[in-house]
Amino acid sequence: PSSLLHTEGYDIHKTTFKKIYNNKKIFWFLITYIFYADAMMTIAFFVTLYLSKALNFTEGAIKIGGVVFLLGTILGGFFTRFLQRYDQTRSLNVLLILWPILLFITTLFSNHILVVASFGLTGIVFSMVFAVSRSFYSSLVPVAERAEYFSVYVIFERMGAIFGPLIWSSVSSIFFFLGESAAYRIAMITTAVITAGSTLSFRKIQKMKNPHP
């Protein structure tokens, strides 16, 4: 019986993935989502290391930066509701452009106050991106099958935490000869570029006809 349940579960997921592949708008959104979710989560993972190694933040200053970023994500959740009056596709595209710009600007700062302030802004955008992503994906999938489709969405979300850390570690190691500060700044910029690059495949989604759930 257990093997039978396992086989049935495999067949269900196989069918779901097949339906997603056949719906190109959903398929390309999930591929795009992997890239920018991966890059953004990588920043969240390594932000403490960046503050410590690139900017010589003390433990207390790092905690303050973390709290400000967290407060930014809370504000981002609050501000997201104001985007409901706008087109979700356009809103998400703007946010995906804004995030790497803010991140790049952050790498130019050495003043701790400016860095913490910029982290608050990036926290706002960070929260809004993931909130709008879920809302946008929900608008693409069939209403009667949302639970099924969101199970795959979670899988793609988890996949987005694999390659980013590898890229970050590789880039920082390659440029370590320039010094810790420069190496981690370049790693930060690299993840920003990945997020910016995801807008290219997202444009492909914008050109597709809306599905009819």
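**Reading helix packing**

Author: In this predicted model, helices α2 and α5 are roughly antiparallel to each other. Their axes come within 11 Å and cross at roughly 155 degrees; an angle over 145 degrees counts as roughly antiparallel.

Reader: By what is a pair of packed helices described in general?

Author: Two packed helices are described by the angle between their axes and by the distance between those axes. In the present case, the crossing of α2 past α5 is also left-handed. The residues of this contact comprise 20 nonpolar, one polar and one charged.

Reader: At roughly what angle do the axes of α2 and α6 cross?

Author: The axes of α2 (residues 24–53) and α6 (residues 146–159) cross at roughly 30 degrees and come within 8 Å. Because angles under 35 degrees count as roughly parallel, α2 is roughly parallel to α6. Here α2 passes α6 in a right-handed crossing.

Reader: Which residues of α2 and α6 meet?

Author: From α2, the residues I26, F29, L30, I31, Y33 and I34 meet Y149, V152, Y153, F156, E157 and M159 of α6. By class, this contact has 11 nonpolar residues, one charged residue and no polar ones.

Key: Residues numbered from 1 in each chain as written. Predicted model: local features only at pLDDT ≥ 70, side-chain atom pairs only at ≥ 80, totals over all residues. Heavy atoms only, no water. Axes fitted to C-alpha atoms, helices over the stretch in contact; angles between N-to-C directions. Helix = DSSP H or I, 4+ residues; strand = E, 2+ residues; numbered from the N terminus. Parallel < 35°, antiparallel > 145°, perpendicular 65-115°, else oblique. Left-handed = near helix turned anticlockwise from the far one by under 90°. Contact = heavy atoms within 4.5 Å. Nonpolar A, V, L, I, M, F, W, Y, C, P; charged D, E, K, R; others polar.
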